[in-house]
Amino acid sequence: MLFVVAQTLIAQARPDSFADLADKISPSVVNITTSTVVAGRTGGPQGIVPEGSPFEDFFREFQDRQGNGDQPRRTSALGSGFVISADGFVVTNNHVIEGADEILVEFFEGGELPAKVIGTDKNTDIALLKVESDEPLDFVVFGNSDTARVGDWVMAMGNPLGQGFSVSAGIVSQRGRSLSGAYDDYIQTDAAINRGNSGGPLFNMDGDVIGVNTAILSPNGGSIGIGFSMASNVVTKVVDQLKEFGETRRGWLGVRIQDVTEDMVDAVDGLKTAAGAMVTDVPEGPAMEGGVLSGDVILSFDGQSVKDVRGLVRTVGNTNVGKTVDMVVLRDGKEMTLAITLGRREEAEGAVPASQPAPSGDPVEKEILGLTVTELTDEMREELSVSEGTDGLVVSNVDEMSKAYEKGLRAGDVLTEAGQQKLTSIADLEDRIEEAKEAGRKSLLLLVRRAGEPRFVALNIDDE
């Protein structure tokens with residue numbers, strides 16, 4: 001009897017058909033056609049014959065007959081999207097409409113309307129369009145992507161390979177995938193997604209949009225069952241900002257951070273687990289004004305525990321600009337709460353330090369922990385573009401058989417802190433090593449700067 005009940009429940013979980021769901025939501029899914037005027041060819045028939053070839057004139061005449069010579073020409077592209085309001089707001093991918101001169105939205109039941117761009121966000125590859133219609137449009141709503149579980153049924157809709165409206169079904173293969181961006185939160189699915197599906201919706205079985213189909217992993221350009229949809233809980237925040245401001249306005253903390261690793265747990269007072277975000281540098285900005293220091297470990301932000309850098313970046317980015325939040329940090333073995341008023345990331349982006357040359361070395365040097373180090377001089381500071389007043393040790397060589405080399409330390413790195421204390425001399429480094437040993441530590445935390453970018457490295461001192 002129990003076996004029969006179990007079989008019945010399984011049958012109920014597996015839909016007999018997706019037809020009713022497709023009928024319900026398909027009127028809200030649209031095809032998007034874009035056109036762009038590109039410059040005509042200049043010079044000779046490039047890519048066919050070498051310049052100066054006796055056949056150059058022949059092939060130029062052939063190209064002119066085929067493509068009107070050097071005249072500008074119009075190219076087109078296809079994608080997908082979906083309507084999110086009766087008054088004509090449409091969501092798609094930024095890469096579908098980027099650079100387009102004209103955008104046409106074609107509806108499932110026929111007819112098409114020109115669209116204008118309200119706003120775009122390259123970081124999440126989302127674009128918000130608007131069409132004007134005499135009649136209210138069918139639309140769909142966003143669901144809560146955080147409730148989607150691995151194994152749940154999903155349905156993808158769109159315009160794959162320009163073939164027109166198409167439906168495919170599969171399951172959620174995984175959650176929380178990251179491809180390349182700081183704000184990535186992709187749902188992986190095996191529902192067939194191909195070129196042309198970009199910008200189309202991924203639905204749950206309630207007909208709510210839980211993702212925007214964005215990318216596929218494929219060696220041949222076609223679906224192999226590994227597709228990625230940007231999670232709706234990321235998209236909704238972007239869409240709301242684009243609708244209100246025409247641009248994104250993400251919170252900005254103003255720190256450089258790195259993940260806390262297992263080998264840092266032993267090297268940092270009070271750190272119990274490899275969780276949180278280690279502050280490597282605090283330039284001018286909200287964090288500096290709020291009292292954050294290099295070496296702090298961020299444990300929680302605005303009441304949410306910080307697991308790693310990726311999670312903190314997304315949480316900060318989703319927090320309103322100008323909001324004052326409580327941030328708990330670990331400093332000198334004790335937890336403390338700081339009040340930080342967030343700035344706006346878009347205004348702060350672009351302040352990227354220039355790459356810096358490696359030092360030429362100095363005769364006064366010593367080998368410690370597999371590192372050959374020398375004290376930072378004014379001349380070296382100028383060569384490395386290290387800011388005035390910064391002290392430390394320059395690495396001139398790294399033993400390739402050492403733990404330091406395994407941890408990624410290289411010639412040209414500048415060590416500015418050891419054991420979360422500033423370094424001004426080789427003797428300082430030796431003292432920090434001895435202090436760590438006396439405290440029973442197996443590793444020493446070093447603050448390393450390379451090409452202007454700081455990071456912490458926990459270096460093993462057992463063999464020293």
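Contact here means heavy atoms within 4.5 Å. The structure is a predicted model.

1. **Threonine 124.** Start in the loop between β5 (112–121) and β6 (126–131), where threonine 124 is found. Neighbours within four places in sequence aside, threonine 124 is in contact with Tyr183, Met230, Val234, Val238 and Arg250. Is the residue buried or exposed? Threonine 124 counts as buried, because its relative accessibility is 1% and the cut-off for buried is under 20%. Its side chain also has a polar partner: a contact of 2.6 Å joins threonine 124 to the side chain of aspartate 121.

2. **Aromatic pairs.** The whole structure holds 4 aromatic pairs. One of them brings together tyrosine 186 and phenylalanine 228. The geometry is edge-to-face, with 6.2 Å from centre to centre and 75° between the planes. This pair links distant parts of the chain, 42 residues apart. Tyrosine 186 belongs to strand β9 (residues 186–189), phenylalanine 228 to strand β12 (residues 227–231). Both tyrosine 186 and phenylalanine 228 are buried.

3. **Charges over rings.** Two cases deserve a look. Lysine 130 lies over the face of phenylalanine 89, 5.3 Å from the ring centre. Arginine 249 places its charged end over the ring of phenylalanine 245, at 3.9 Å from the centre.

4. **Strand β16 and its partners.** Strand β16 spans residues 297–301. It is largely enclosed by the rest of the structure, because 4 of its 5 residues are buried. Which strands does β16 pair with? Strand β15 (residues 277–281) pairs with β16 in the antiparallel sense, over 2 bridges. There, methionine 278 stands opposite valine 297. Strand β18 (residues 324–331) also runs antiparallel to β16, joined by 4 bridges. Isoleucine 298 has valine 329 of β18 as its bridge partner. Strand β17 (residues 304–305) is another antiparallel partner of β16, over 2 bridges. In that pairing serine 300 faces serine 305.

5. **The β16–β17 turn.** β16 and β17 form a hairpin, with 2 residues between the strands.

6. **Glycine 290.** Glycine 290 counts as buried because its relative accessibility is 17%. Neighbours within four places in sequence aside, glycine 290 is in contact with Leu338, Ala339 and Ile340. Leucine 253 is 37 residues away along the chain, and its C-alpha atom is separated from that of glycine 290 by 9.7 Å.

7. Arginine 344 is buried, with a relative accessible area of 15%. Glutamate 247, at 30% relative accessibility, counts as partly exposed.

8. The side chains of arginine 256 and aspartate 281 meet at 2.7 Å, N to O, in a salt bridge. Arginine 256 lies in strand β14 (residues 256–259) and aspartate 281 in strand β15, so the pair ties together parts 25 residues apart in sequence. Aspartate 281 counts as buried, at 14% relative accessibility.

9. Aspartate 269 counts as partly exposed, at 40% relative accessibility.

10. Salt bridges with shared partners join Asp121, Glu247, Arg249, Arg250, Arg344, Glu346 and Glu347 into one network. Asp121 is the polar partner of threonine 124, and Arg250 is among the contacts of threonine 124. Arg249 sits over the ring of phenylalanine 245.

Key: Residues are numbered from 1 along each chain as its sequence is written. This is a predicted model: local features need pLDDT of at least 70, side-chain atom pairs count only at pLDDT 80 or more; totals for chains, interfaces and linings use all residues. Side-chain values use heavy atoms; hydrogens and water are left out. Buried means under 20% relative accessible area, exposed over 50%, partly exposed in between (1.4 Å probe, protein chains only). A polar contact is a pair of N or O atoms within 3.5 Å; within protein, one must be able to donate a hydrogen and the other to accept it, and residues adjacent in sequence count only if both atoms are side-chain atoms. Rings of Phe, Tyr and Trp (its six-membered ring) pair if their centres lie within 6.5 Å; planes under 30 degrees apart count as stacked, over 60 as edge-to-face and the rest as tilted. A charge sits over a ring if NZ of Lys or CZ of Arg is within 6 Å of the ring centre and within 35 degrees of the ring normal. Two strands pair if DSSP finds at least two bridges between them. A salt bridge is a side-chain nitrogen of Lys or Arg within 4 Å of a carboxyl oxygen of Asp or Glu.
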